[in-house]
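Me: I have a structure to work through. Please show me how to read its features one by one.

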Amino acid sequence: REPLLAVTDLVKHYPITKGLLRRTVASVRAVDGVSFTVGRGETVGLVGESGCGKSTVAKMVTRLVQPTSGSVRFAGTELTGLRARELREFRRRFHIVFQDPYSSLDPRLRIVESVGEPLVAHRIATGAAKRRRVCELMELVGLSPAHIDRYPHQFSGGQAQRIGIARALATGPDLVVCDEAVSSLDVSIQAQVLNLLKKLQRELGLSYLFIAHDLNVVRYLSDRVFVMYLGRIVEVGPAAGIMQRPAHPYTDALIGSVATPTSSGGFRRSRVVARGEVPSPSRPPPGCRFHPRCPEAFDLCRVQQPPAYRLTGDRLSACHLRAGEAEGVRDG
Ligand code: SF4
Ligand code: MG
């Protein structure tokens, strides 16, 4: 059976223009050949520092942004190139939850209007039926249906994000894309919202594409994890395996910069391996894009881009150091 979502060789380049004639002088290679699948009922994590192209992937998958090239197949149908009218039918089957919980809620609208808006837009329910459905959705995300006539500012950040999730679930989607959906919340509230997402997945059979910069958060929810760096996937594997035995120096660095709780109740940042900042995607480094920051870089890394090596245990690693243990190279 075909996976719910299959993304192949997805590319997004933004032109950089100059002067009055807006001549294209370069391009920002935000996403540069990304492939992955999300199975039915599966959670796939996409992790990397900000500026690595994760949000652009999220927007291409949900068709808020048109890809430069590549394929997005949803439930067996190619979405790229579909006309607006054809796409409408699919729009009720996937939704995105953003980082800022208030951004998807119009501050001037009562909750019943915001959460009910997709129901009206997709001609699912209006009037009393819409109110009933919004009440159900509020209960589903652990909020009181008595509050549907309130305004967004009357809710805390955690509650507002639950409302954002309720809105995303209104049309009964198969796939929910969460783009840093818990990143702006306090750690304790984060845990509550993550647990809510798990519960909703069990009850509704949802698939998630779960995007975050914090590997710990991603690991908690995900079955498989894709690590992204400067527009490319550099490592793939089961969530537990990636944390215990990272197969790419960039994943090492991400784990190194993760805050771990200490016995005294505080947080400690373990070793940080990667030097400096993510370079600009308008001028990605030659060879392995991670080489200017990689503590293990050697001569080959500066000139040759590593292929995605297939390793044991459903792992992929795009690092020259893995060539010796590779069982092959990912085709395509
Ligand atoms: Fe580091 Fe070289 Fe591996 Fe890139 S290919 S991650 S620079 S060791
Ligand atoms: Mg982002």
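**Reading the strands, sheets and ligand shell**

Reply: Six of the six residues of strand β8 (residues 207-212) are buried, so β8 is largely enclosed by the rest of the structure. A residue is buried if 20 or more other C-beta atoms lie within 10 Å of its own, exposed if 12 or fewer, and partly exposed in between, with C-beta atoms placed from the backbone. Strands (E, at least two residues) and helices (H or I, at least four) are DSSP runs, numbered from the N terminus.

Me: What kind of model is this, and how are residues, chains and ligands labelled?

Reply: This is a predicted model: local features need pLDDT of at least 70, side-chain atom pairs count only at pLDDT 80 or more, and totals for chains, interfaces and linings use all residues. Residues are numbered from 1 along each chain as its sequence is written, while chains are lettered from A and ligands numbered from 1 in the order in which they are written.

Me: Back to β8. Which residues point which way?

Reply: Ser207, Leu209 and Ile211 point one way, and Tyr208, Phe210 and Ala212 the other way. All of these are buried.

Me: Which strands does β8 join, and in which sense do they run?

Reply: Start with the rule: two strands pair if DSSP finds at least two bridges between them. Five bridges join β3 to β8, and the two run parallel. Gly45 has Phe210 in β8 as its bridge partner. Five bridges also join β7 to β8, again parallel. There, Asp179 has Ile211 as its partner in β8.

Me: What is the strand order in the sheet that holds β8?

Reply: The order is β6-β7-β8-β3-β9-β10-β14-β13-β15. That is an open sheet of nine strands with mixed pairing. Its edge strands are β6 and β15 (328-329), each pairing on one side only. Inside the order, β9 and β10 pair in the antiparallel sense over six bridges. Tyr229 stands opposite Arg232 in β10.

Me: What is the order of the four-stranded sheet?

Reply: The order is β2-β1-β4-β5, an open sheet with antiparallel pairing. Its edge strands are β2 (23-38) and β5 (77-78), each pairing on one side only. Strand β1 (residues 5-18) is joined to β2 by 12 bridges and runs antiparallel to it. Leu10 has Val34 as its bridge partner in β2, and Pro15 stands opposite Ser27. The hairpin of β1 and β2 has four residues between the strands, and Gly19 takes a positive phi near 75 degrees there. On to β4: five bridges join β1 to β4, antiparallel, with Ser69 as the partner of Val11.

Me: Which helix lies across this sheet's strands, and at what angle to β1?

Reply: Helix α1 (residues 54-61) lies across β1, β2 and β4 (69-74), running at about 115 degrees to β1. Axes are lines fitted to C-alpha atoms, for helices over the stretch in contact, and angles run from 0 to 180 degrees between N-to-C directions. Contact is a distance test: the C-beta atoms of two residues, placed from the backbone, lie within 7 Å.

Me: Why does Val134 count as buried?

Reply: Val134 counts as buried because it has 26 C-beta neighbours inside 10 Å. Val134 is in helix α4 (residues 127-140). Leaving out residues up to four places away in sequence, Val134 touches Val112, Val115, Gly116 and Ile148.

Me: Which residues of helix α9 are buried, and what do they pack against?

Reply: In α9 (residues 249-256), Pro249, Tyr250, Thr251, Ala253 and Leu254 are buried. The buried residues pack against β3 (43-47), α7 (215-221), β9 (224-229), β10 (232-238) and α8 (239-244).

Me: How many residues surround ligand 1, and which are the closest?

Reply: 13 residues surround ligand 1, and the closest are Cys288, His291, Cys294, Cys301 and Cys319. The test for being near is a C-beta atom, placed from the backbone, within 6 Å of the molecule.
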